[in-house]
Amino acid sequence: MLYSLIRPALFRIEAEKAHGLALKALKLSARGSPPRADPALASSVAGIAFPSPVGMAAGFDKDGEVPDALLGLGFGFAEVGSITPLPQAGNPQPRLFRLVEDRAVINRMGFNNGGAQDAVYRLEARAQRPGVVGINIGANKDSVDRVNDYAVMARLMAPLAGYLAVNISSPNTPGLRALQDESALTGLLDAVIESRDAACGAGRRPPVFLKVAPDLEPADIDAIARIAIDKKLGALIVSNTTISRPPLASRYKDETGGLSGAPLLELAQQRLRDFRKATGGAVPLVGVGGIANAEDAWARIRAGASLVQLYSAMVYEGPGIAKAINKGLLELMRRDGFASIAEAVGSE
């Protein structure tokens, strides 16, 4: 209710500045223990106990500044990043656009972040706090060896991560999506897994999640599914933003970058079904793209997602969105006769 009153004023502020204000507000919020979720929402995915299936996607907290504040908003997990080995400014501004008429966002941020070392300091400081925090890792734009960048990031972040998310699907770093090709992806994941294992030794090894693009051909989906099974990945995150452009009403519709929000809903839903079929349910899936309410999340879960994530919808619905979706999921579970989220996964 409060957010609906302040949103018009917030939307008069340029999108990236408003995002900065949101981060500042969360930094000032009290850091208590995350609110207790209903046990019916809990599930185990890749050996991790998630208190609820609703997570914050990467991109909101690029530098790992506010993961505990996000958990305090009711998110069952928070994914920080993408973080690269060296700091980088990202693409020229403006690079973030609200498409209000379409309830969408276009971004061409370009992995802007303060680099690995600053993030390590912050994440080490919160390492003993409760809650699942995934770390999304990327490569620097001007790197001469991007596979090595991912290996470096895996080594640095594995001891601090609930899970490692390998992001090779951003459309805003030229050439990055080429790492989704079968041979390149195999070599990349081998390097990441080897670095993770070396960093963790005999200790806990966080599972590796792979974030893929929605703009994939059937052969790409089949190849990625085979590799995910072979490498025993913890999950596939389906999907990142899209470079496609369905019909849009906003004056920003022709801006370059990745499109997220409501227009991505159907494409992301279908891509999740495609990966569910290709993997035969052998690899857990995280559904992302266009999820804005409990019905959207429930449809993604019924289609095969063990977990869901959102980001753009919070721009329009406000910080209470995670609690609202969790409440709605409980009602939908009871309506459809399920005792737990895990029972409903892939039940459509």
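Helix 11 (residues 321-336) lies across strand 3 (54-56) and strand 13 (305-310), and runs at about 165° to strand 3. Helices (H or I, at least four residues) and strands (E, at least two) are DSSP runs, numbered from the N terminus. Axes are lines fitted to C-alpha atoms, for helices over the stretch in contact, and angles run from 0 to 180 degrees between N-to-C directions. This is a predicted model, in which local features need pLDDT of at least 70, side-chain atom pairs count only at pLDDT 80 or more, and totals for chains, interfaces and linings use all residues. Residues are numbered from 1 along each chain as its sequence is written, and side-chain values use heavy atoms, without hydrogens and water.

Eight strands form a closed barrel with parallel pairing, in the order 3-4-7-8-9-10-12-13. Neighbouring strands of this sheet are turned by 25° against each other on average, direction ignored. Two strands pair if DSSP finds at least two bridges between them. Strand 10 (residues 235-238) and strand 12 (residues 285-288) are joined by three bridges in the parallel sense; Leu 236 has Leu 285 in strand 12 as its bridge partner.

## Nonpolar cores

A nonpolar core is a set of buried (under 20% relative accessible area, 1.4 Å probe, protein chains only) Ala, Val, Leu, Ile, Met, Phe, Trp, Tyr and Cys residues joined through side-chain atoms within 4.5 Å. The largest one has 80 residues, and Phe 75, Tyr 150, Met 157 and Leu 236 have the most contacts inside it. Helix 11 gives the largest share of this core, seven residues. A second, separate core has 14 residues, among them Val 45 and Ile 237.

Beyond its neighbours within four places in sequence, Leu 236 is in contact with residues including Leu 210, Phe 275 and Leu 285. Contact means heavy atoms within 4.5 Å.

## Helix 9 against helix 11

The axes of helix 9 (residues 294-302) and helix 11 come within 8 Å and cross at roughly 55°. Residues of helix 9, including Trp 298 and Ile 301, meet residues of helix 11, including Leu 329 and Leu 332.

Three strands make an open sheet in the order 5-6-11, with antiparallel pairing. Strand 5 (96-99) and strand 11 (258-261) are at the edges with a single partner strand each, so one side of each has no neighbour in the sheet. The twist averages 20° from one strand to the next. Strand 5 pairs with strand 6 (residues 104-107) over four bridges, and Leu 96 stands opposite Asn 107 in strand 6.

Technical notes: Buried means under 20% relative accessible area, exposed over 50%, partly exposed in between (1.4 Å probe, protein chains only).
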